[in-house]
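Me: I have a structure open and want to learn to read its features. Can you take me through a few?

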Amino acid sequence: MKLLESAENYLEAILMVGEEKGNVRSIDIVNHLGFSKPSVSVAMKQLETNDYISRDKDGNISLTESGREIAEMIYERHRILTELFEDMGVSHQTALGDACKVEHDISEETFDCIRKYYKSKQK
């Protein structure tokens, strides 16, 4: 199932904040993405309903297996595309922004080829 770009961004943010802080709460997502508390609350409820995240009684957010799979895929795309753009001479801020735009729309086939090409050039 293809998720909306916003859902992918939320899952990626949960993964990133979790790696940085350990525990993830809704306020951490608000601060990370710069979205409003109500927007994040609605998104978290939707992600939980669709079994991409779970929340414990203290409000800590965890990715489910399917949520983690999507988050890791998007985050890998983000990292590789950012590095590739920077290696091509794009400024860091522009590379970050462009990678965020491209990571959601690029086909799996094209990204696989980019990943293989980029990794072969790093050796």
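Me: At what angle do helix 1 and helix 5 pack, and how far apart are their axes?

Reply: Keep in mind that this is a predicted model. Two packed helices are described by the angle between their axes and the distance between those axes. Here, helix 1 and helix 5 pack at about 115°, with axes 10 Å apart. Their crossing is right-handed.

Me: Which residues make the contact?

Reply: Helix 1 supplies Glu5, Glu8, Asn9 and Glu12. Helix 5 supplies Cys100, Glu103 and His104.

Me: Which residues of helix 5 are buried?

Reply: Start with the general idea. An α-helix has 3.6 residues a turn, so residues three or four places apart point the same way. In helix 5 the buried residues are Ala95, Ala99, Glu103 and His104. They pack against helix 1 and helix 4.

Me: How do the lengths of helix 5 and helix 4 agree with what they should span?

Reply: Work from 1.5 Å a residue. Helix 5 covers residues 92-105, and its 14 residues should span 20 Å. Its end C-alpha atoms are 21 Å apart, which agrees. Helix 4 has 23 residues, which should span 33 Å, and its end C-alpha atoms are 33 Å apart.

Me: What does the side chain of glutamate 76 make a polar contact with?

Reply: First place the residue: glutamate 76 is in helix 4, residues 65-87. Its side chain makes a polar contact with the side chain of arginine 115, at 3.0 Å. Beyond neighbours within four places in sequence, glutamate 76 is in contact with Phe111, Arg115 and Lys119.

Me: Which residue has a positive phi although it is not a glycine?

Reply: Most residues other than glycine have a negative phi. Aspartate 51 has a positive one, about 65°. Aspartate 51 lies in the loop between helix 3 and strand 1. It counts as partly exposed because its relative accessibility is 48%. A glycine case follows helix 4: just after that helix, glycine 89 has a positive phi of about 105°.

Me: Is valine 24 buried or exposed?

Reply: Look at relative accessibility; under 20% means buried. Valine 24 has 2%, so it counts as buried. Valine 24 sits in the loop between helix 1 and helix 2. Leaving aside neighbours within four places in sequence, its contacts are Ile14, Val17, Gly18, Ile29, Gly59, Asn60 and Ile61.

How values were computed:
Residues are numbered from 1 along each chain as its sequence is written. This is a predicted model: local features need pLDDT of at least 70, side-chain atom pairs count only at pLDDT 80 or more; totals for chains, interfaces and linings use all residues. Side-chain values use heavy atoms; hydrogens and water are left out. Helices (H or I, at least four residues) and strands (E, at least two) are DSSP runs, numbered from the N terminus. A polar contact is a pair of N or O atoms within 3.5 Å; within protein, one must be able to donate a hydrogen and the other to accept it, and residues adjacent in sequence count only if both atoms are side-chain atoms. Contact means heavy atoms within 4.5 Å. The expected span of a helix is 1.5 Å times one less than its number of residues. Buried means under 20% relative accessible area, exposed over 50%, partly exposed in between (1.4 Å probe, protein chains only). Axes are lines fitted to C-alpha atoms, for helices over the stretch in contact, and angles run from 0 to 180 degrees between N-to-C directions. A crossing is left-handed if the near helix is turned anticlockwise from the far one by less than a right angle, and right-handed if clockwise.
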